[in-house]
Amino acid sequence: MSRNKLIWGLLLWIPFMGVSGQNVTYRNFDSFEKETLRTLKESGATSTFNSMHNLKRQTLQTKANSIVPVTLKAANKKTISGEKLVAERSEGVFVVSRYAPKMVRDEQVVAGASAVVLSEDGICVSNYHVFEPVIDTTRVLTPLDSIFFVAAKSGKIYPITEVLSYNATSDLAIFKIDPKGDKLTVTPVGQDLPAGANIHALTHVYGHLFYYSKGVVARNLCTSELNADTNRSDITADYCKGSSGGPLFDDCGNLVGIVSTTQSIYYNEQSQTDLQMVVKTIIPISSVLRLLKQQ
C-alpha cells in the first residue's frame with residue numbers, strides 16, 4: 001500500500017472509532033413535569049408535603065442573615081471533564097417546582113427554578129427571589145400556591161421543610177428539604193474565581209432542564225465597596241429564566257457561584273430593538289459562605 005493510501009485509510013478509520021466508542025443517553029425532558037406530577041400523586045405527597053402557606057408561616061420566624069450550621073463537602077482538587085461534571089453533579093441540581101391544584105386549569109407541576117444541594121441532611125441554596133413569595137410578608141399567596149418542593153433528575157421528589165436564612169441584597173436563600181432517607185448528591189464547595197477563569201453552568205433553562213454551558217468569568221464587580229453582599233461576577237456561560245438559583249462550577253466541579261440575573265443590551269435601548277448582547281450575572285460563592293458555618 002502506498003503512503004497516500006495508508007493516510008487516507010487512517011482518516012476514514014479514526015472518526016469511526018470515535019463515534020462507536022460513545023455512550024450517550026437520550027431523555028425526553030419535555031415529559032419531566034408530567035412525570036413529576038404522577039410521582040407526586042402516586043406518593044400522596046399533595047397531602048403530606050409542606051404547603052406554601054405553612055412554609056410562609058414558618059418563615060416569619062426566620063431572620064435575615066441567620067448563620068446556618070452545615071457540614072460542607074471539601075473542594076475537589078482534580079480537574080474533571082465537562083462530561084464528568086455533568087454526570088456527577090446533575091443529581092445534586094434540583095428543579096424547584098410548584099404544584100398547582102385543579103381550578104381554572106387542570107392540576108399541574110410547574111418547574112420554575114434551580115437549587116443545589118450543600119449537605120447530606122438536605123441543606124440547599126437558591127435565590128432570594130425564588131423564595132420571595134414565602135419570605136416577603138407583603139406578598140399574598142393564592143389557592144394556586146399549593147406545594148413548593150424540589151425534584152431530582154432521577155425523578156425523586158422532596159418536600160421543602162423550612163427556610164433557614166436569606167439575604168435580599170445578595171439574592172440568596174438557604175433552605176432545608178427532607179431527604180426521606182435518601183443519600184443526596186452533595187456538591188463540593190470551592191472559591192471565588194478571578195476574571196478570565198473557566199466557569200461551567202448546569203441549570204434549568206426555561207423549557208430545557210439540565211442544560212450545560214461553559215464560558216469564562218468576564219469581570220468581578222460590586223455596587224458598594226462597603227457591602228460585600230453586592231459582589232457579583234459577569235460570566236459568558238449561557239443561561240436564561242428558569243436558571244435562577246442554579247450552580248456555577250470551576251474546572252474541578254466545585255461550586256463557585258449561584259445564578260442571579262441577566263441584562264439584555266439593545267443598540268436602541270428606548271425601543272428595545274436590535275438586541276446585541278445578554279450579560280449573565282452570578283453571585284460568588286463567598287456570599288453563600290457568609291450565611292453558613294462549617295461544622
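Author: Before we start, one cut-off will be needed: a residue counts as buried under 20% relative accessible area, as exposed over 50%, and as partly exposed in between. Asp182, with a relative accessible area of 25%, is therefore partly exposed. Please keep in mind that this is a predicted model.

Reader: Which residue does Asp182 meet in a salt bridge?

Author: The side chain of Asp182 meets that of Lys156, at 3.8 Å from N to O. The pair links distant parts of the chain, since Lys156 sits in the loop between β5 and β6 while Asp182 sits in the loop between β7 and β8, 26 residues apart. Lys156 also counts as partly exposed, because its relative accessibility is 40%.

Reader: And how many salt bridges are there in the whole structure?

Author: A search of the whole structure finds ten. One of them joins Asp234 and Arg219, whose closest N and O atoms are 2.6 Å apart; Asp234 belongs to strand β10 and Arg219 to strand β9, 15 residues apart.

Reader: Let's change topic: how many residues has the largest nonpolar core?

Author: That core has 26 residues, and those with the most contacts inside it include Phe94, Phe131 and Phe148. Several elements give two or more residues to this core, among them α4, β2 and β3, but the largest share, five residues, comes from α6.

Reader: What is Phe94 in contact with, leaving aside its neighbours within four places in sequence?

Author: Its contacts include Ala113, Val117, Val150, Ile177, Leu184 and His204. There is also a second, separate core of 18 residues, which includes Leu72, Ile174, Ile283 and Leu292.

Reader: Now helix α2, please: which residues are buried there?

Author: In α2, which covers residues 32-42, the buried ones are Phe32, Thr36, Leu37 and Leu40. Seen down the axis of α2, these buried residues fall within an arc of 135 degrees, so they line one face of the helix.

Reader: What does the face turned away from that buried side carry?

Author: That face of α2 carries the exposed residues Lys34 and Glu42. On the buried side, the covering elements include α3, β2, β3, β5, β6 and β9. Just after α2, Gly44 takes a positive phi of about 75 degrees.

Technical notes
Residues numbered from 1 in each chain as written. Predicted model: local features only at pLDDT ≥ 70, side-chain atom pairs only at ≥ 80, totals over all residues. Heavy atoms only, no water. Core = buried A, V, L, I, M, F, W, Y, C linked by side-chain atoms within 4.5 Å. Buried < 20%, exposed > 50% of the residue type's maximum accessible area, 1.4 Å probe, protein only. Helix = DSSP H or I, 4+ residues; strand = E, 2+ residues; numbered from the N terminus. Contact = heavy atoms within 4.5 Å. Arc of directions from axis to C-beta. Salt bridge = Lys/Arg side-chain N within 4 Å of Asp/Glu carboxyl O.
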